[in-house]
2 protein chains.
Amino acid sequence: MNHLKRLPKHIGIIPDGNRRWALKKGFEKQDGYKFGIQPGFDLYNLCLKLGIEEMTFYGFTSDNTKRPSLQTKAFQKACVDAVECLANRDADLLVVGNTESPLFPKELLPYTKRTRFGKGLMKVNFLVNYDWNWDLNYSKKNSDVNINDNLIEGIASFDISRIDLIIRWGGRCRLSGFLPIQSIYADFYILDEMWPDYTIEQVYKALEWYQDQDVTLGG
Amino acid sequence: MNHLKRLPKHIGIIPDGNRRWALKKGFEKQDGYKFGIQPGFDLYNLCLKLGIEEMTFYGFTSDNTKRPSLQTKAFQKACVDAVECLANRDADLLVVGNTESPLFPKELLPYTKRTRFGKGLMKVNFLVNYDWNWDLNYSKKNSDVNINDNLIEGIASFDISRIDLIIRWGGRCRLSGFLPIQSIYADFYILDEMWPDYTIEQVYKALEWYQDQDVTLGG
């Protein structure tokens, strides 16, 4: 780990490929999501050990809820399970998403204000029933959308800071609506493996690649 | 070309690597930009021939103007030259950027309303002194930020539609502030070659890759 001299402060995680993984294993599409919970913890533990300050998981979006109801229920449950388990660890936990929609799981309402669990060693954010449109239009009448020294203003996700590195599983090289403001200067690293096939080595590959990216913010 | 069954309607171009290319050739950094003009035309001609409906070039941003003045002058001039030459072709031309800043080249003011040149065969957009922050805050008091059937509302770049494919030269896998709303569902294809080393084959590689990307918009 000593060769990782330049660590991202904030890592965004797009855990894609659960349904494709399930089909390949002979399961139904919706059965893939529950296999994405353990990888989430393993990744949390690894990032904690490495000293990463903040991480944000892409749970599900309003776009995703247009899928068949069996799938929607499955990824809602996976998000609830993942957040509730993290509440037993050391994390400053925050769930961000549109709570006014019935698709937001009620069990997660207590987490929509940032709460310290245990020693609160890392900021961990979950996007749950997230919608980039909702995020950007949240408080536009009050203040400008802005990033100042990593502090974001004027959007619903204001308490999630600028992202340095986004790691996406499942081979697609796109944002799919993931935190457009926080991602504006982020480096994207794409893994072809599906999210339930997570291994520590994949994250090391991403972090090694990140060593060679210069951060200029356009300057 | 017959195997390209699925063409993107709108391609975003991030022509990065001009300075690194110049240094490698033994030139000064600022000398790279003028070598980026011919590739822009070649690419315009190729996209026209292929039947692409719209393309957007990343000229320069407010972030970029923090660079040394020699470089700023060089990329300003390259943008003016590129736009003025395209005005002799068949294009529905539009320049988008913050015209209230002195860094916006006055020569390009006539192009900040979409204007048809020749047969207007393709929508061609140039971002010049563009700033994502300025874009998103432009008219927030009047309407929500939104995408409806490719029509974008509530931002300065409202007349630039949703982007399907972004091709970036110069090896970096990031947006660097490029049209955050239009890019929300875009697939990114990264080329390691520097922009002045543009070849048609690079674009074919990107378009062939694009065949295998599914467009789900999160559904």
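**View 1. L94(A) and its partner in the neighbouring strand.** In β5(A), N125(A) is the bridge partner of L94(A). Helices (H or I, at least four residues) and strands (E, at least two) are DSSP runs, numbered from the N terminus. Strand β3 of chain A and β5 (residues 123–130) pair in the parallel sense, over 5 bridges; pairing here requires that DSSP finds at least two bridges between two strands. This is a predicted model, in which local features need pLDDT of at least 70 and side-chain atom pairs count only at pLDDT 80 or more, while totals for chains, interfaces and linings use all residues. Residues are numbered from 1 along each chain as its sequence is written, chains are lettered from A and ligands numbered from 1 in the order in which they are written, and side-chain values use heavy atoms, with hydrogens and water left out.

**View 2. Strand β3(A) from end to end.** Strand β4 (residues 115–117) of chain A runs antiparallel to β3(A), joined by 3 bridges, and R116(A) in β4(A) stands opposite D92(A).

**View 3. The whole sheet of chain A.** Its 7 strands form an open sheet in the order β4-β3-β5-β2-β1-β8-β9, with mixed pairing. Because β4 and β9 (187–191) of chain A each have a single partner strand, one side of each edge strand is left without a neighbour in the sheet. Neighbouring strands are turned by 20 degrees against each other on average, direction ignored; axes are lines fitted to C-alpha atoms, for helices over the stretch in contact, and angles run from 0 to 180 degrees between N-to-C directions.

**View 4. Helices against the strands.** Helix α2 (residues 37–50) of chain A packs on the sheet, touching β1, β2, β3, β5 and β8 (165–169) of chain A, where contact means heavy atoms within 4.5 Å. The direction of α2(A) makes about 160 degrees with that of β2(A). Helix α3 (residues 69–86) of chain A lies across β2, β3 and β5 of chain A, running at about 160 degrees to β5(A).
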